[in-house]
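Morning, everyone. I have one structure to walk through today. Please look at the screen.

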Amino acid sequence: MYAIEVNHISKHFGKLVALNNISFSVAEGETFGFLGPNGAGKTTTIRILTGITVPTGGDAKIFGKDIVNETIAARRTMGIVHETSNIYTDLSAWQNLMFSAQLYDIGKAVREKRGRDLLELFGLWERKDDKTSGFSKGMKRRLTLAMGLINEPRLVFLDEPTSGLDVQSNLIIRDVIRDFNARGVTVFLTTHNIEEANLTCDRVAIINKGMIAAIDSPEKLKKTIQSVQSVEVALDPVPAHTEDGLRQIATVSEVRKLGDKFRLITEDPPAVISGVMAYAKAQDTRVISVNTYGPSLEDVFIKLTGLEVRHHGVKTVD
Amino acid sequence: MTDQAEWFRQLRVELIAAWAIAKKDMLIYYLKPNIIVSGMLFPLFMFLAFAVGRPGTPSVMIPGLIAITILFSASSIEPVSIPLERRMKTFDRLISAPVSLHAVVLGESLSGFLYSIGIAAVPFIAGIIIFNTPVINAAPLIIGVLLTSFCFATMGTLFASYPTESPGDIMSMLNVVRLPLIFISGIFIPLGQIPAIAQLLTYISPLTYGNDLIHAAYSGTTYFSPVVDIAMLLVFILIFQFAANRLYKKFNE
Ligand SMILES: Nc1ncnc2c1ncn2[C@@H]1O[C@H](COP(=O)(O)OP(=O)(O)OP(=O)(O)O)[C@@H](O)[C@H]1O
Ligand SMILES: [Mg+2]
């Protein structure tokens, strides 16, 4: 049985088509990433899969339970971390956590034990009795995560779990997801952060304008775009018109200047390296470093979502 | 597990969740300034505005004041809390919990219900201490206050289903209904003296039946029979509960 099975789901808001006939499935125990730019339909997908909103067409099953007709049974297995840190700012961290536990019918002894464990895990135990209106954005996010995990779900929906978090909190989340993976918990996460998807997900779906452009493991997705491998070289001294010179090398499709280095996009890195050496010799300069890079998930993403390539190595796409 | 055992298990879960929602509302909203204004001061001023200058003994005025207080206070929590929760997105938590919308509607209504009982105690106690107005029969008072409070709390939750993030939107819709109710429910004009055409209107006001019961506690007589009053209040509660459930579902689509 799949943890999530989506069949031809569409969602229309008036004339706007937010999701256009998407289908995919997520195996039990898998960490599945939904990667896409703003407005792609990531949150809408989660809202449908958690039964908050109903699809215009198609159907979805959570562990075999239809989300529209067996909503409550399907929800019992899931934990949800919403896109916005939706906590009650008039209540303390502890009151927030206990409230969400009660919505999931978790007995007092168990919820108090789990509540303590989660607050400790997310570094909020010392602040447990403070009203959360005074919490920082990252603290609110961490509390939202704790609230989503209080029912020890078999399937967790994380809508941009790390947005607004610092490096340290990011690492906690990554550990939590890894721990889920070890315990066989299924994770469905959305993100714009390609590196996060690359590091945490078994499989990634790239969604754009309500349609799924590709679904595969990060490595296999990268293999589909061999044409965007690259060679990075540094020359000393740098001859005049180097960019133009390097562009003449066979199979180089593009040259980007990155600081004191040049990145040559190609589908044949070994041939380009020979070409660079020949160029250096002709220009009477030295090659002081050479690195080759495979395609990144970012390249796949840019290619599939048709975003303009941004020069100078901008790493995020939002 | 048998179907029946499963059904009872889910019922228990729903009630626990409803109670948790009610408790959360009490902690957060009972002390919000706009709720104090709309739930406590508003009914008092409404009453004074209409009652001042009218002849009336305390034993007629006190039950009327109790009824008006309930009308306004019971339906003053959810029309504020639910739009604010939509704005803060905490409402998504309630509608994504593993319970039915009935539990959410019930939980929200419970907080208005308890609030209203607390507020209705004020004119009741004032009646005894200040105006020396004795209660002849406690049973219709207790039943009347409980059912009327629950009925208007559920009505408040029903109106709050309108998908807005601004409490003012719901309050103004609610007032379009609440204000006329005062005049067609036999509070200032006894039911027997209302003109025949308006008489029909009194039948569709839940406040008519609530007021009739509460009145009986002080006068000893009801206009309708107590059974009719109780049955009608229960019918209104069910209508509001199911309509609310329906609308919350509809507006999420
Ligand atoms: N309730 C709604 N009413 C109207 N349009 C909506 C509604 N919810 C979403 N949309 C539209 O559906 C599209 C997809 O939105 P969605 O929130 O799913 O995007 P997303 O991928 O989560 O984006 P982001 O990365 O910004 O969170 C957008 O065009 C959005 O405007
Ligand atoms: Mg989103």
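One definition before anything else: a residue is called buried when its relative accessible area is under 20%, exposed when that value is over 50%, and partly exposed in between. Keep that in mind, and remember that this is a predicted model.

Let's start with chain A. How much of chain A is made up of buried residues? The share is 52% of its 318 residues. The accessible surface comes to about 14,200 Å². Carbon and sulfur atoms hold 50% of that surface.

Next, the fold. Chain A has eleven helices and 14 strands. Its C-alpha atoms fill a box of roughly 80 × 45 × 35 Å along the principal axes. Now take the contacts in chain A with a separation of 6 or more: 68% of them join residues 24 or more positions apart.

On to ligand 1. There are 14 residues around ligand 1. Gly39(A), Lys42(A), Thr43(A), Thr44(A) and Glu83(A) come nearest. Sorted by class, the shell has five nonpolar, six polar and three charged residues. Which element gives the most to this shell? It is H1(A), with three residues. Helix H1, residues 42-49, and strand S2, residues 16-27, each supply at least two.

Look at the oxygen atoms of ligand 1. One is 3.0 Å from a side-chain N or O atom of Asn38(A). At Gly41(A), a backbone N or O atom lies 2.9 Å from a ligand oxygen. His192(A) places a polar side-chain atom 2.9 Å from an oxygen of ligand 1. Taken on its own, ligand 1 has 630 Å² of accessible area, and the protein covers 61% of that.

Now the magnesium ion, ligand 2. Which protein residues are its donors? They are Thr43(A), through OG1, and Glu83(A), through OE, at 1.9 to 2.2 Å from the ion. This pair links distant parts of the chain, 40 residues apart. Thr43(A) sits in helix H1, while Glu83(A) is in the loop between strand S6 (78-81) and helix H3 (93-103). Why does Glu83(A) count as partly exposed? Because its relative accessibility is 37%, which falls between the 20% and 50% cut-offs.

Last stop, chain B. Find His215(B) in helix H10, residues 206-219. Buried or exposed? His215(B) has a relative accessible area of 17%, so it is buried. Beyond its neighbours within four places in sequence, His215(B) is in contact with Ser59(B), Val60(B), Pro63(B) and Gly220(B).

Note on methods:
Residues are numbered from 1 along each chain as its sequence is written. Chains are lettered from A and ligands numbered from 1 in the order in which they are written. This is a predicted model: local features need pLDDT of at least 70, side-chain atom pairs count only at pLDDT 80 or more; totals for chains, interfaces and linings use all residues. Side-chain values use heavy atoms; hydrogens and water are left out. A residue is near a molecule or strand if one of its heavy atoms lies within 4 Å of it. A polar contact is a pair of N or O atoms within 3.5 Å; within protein, one must be able to donate a hydrogen and the other to accept it, and residues adjacent in sequence count only if both atoms are side-chain atoms. Accessible areas come from the Shrake-Rupley method with a 1.4 Å probe; for residues, only the protein chains shown count as cover. Helices (H or I, at least four residues) and strands (E, at least two) are DSSP runs, numbered from the N terminus. Ala, Val, Leu, Ile, Met, Phe, Trp, Tyr, Cys and Pro count as nonpolar, Asp, Glu, Lys and Arg as charged, and the others, Gly among them, as polar. Donors are N, O and S atoms within 2.8 Å of the metal (3.2 Å for Na, K and Ca); water is not among the atoms, so sites may look incomplete. Buried means under 20% relative accessible area, exposed over 50%, partly exposed in between (1.4 Å probe, protein chains only). Contact means heavy atoms within 4.5 Å.
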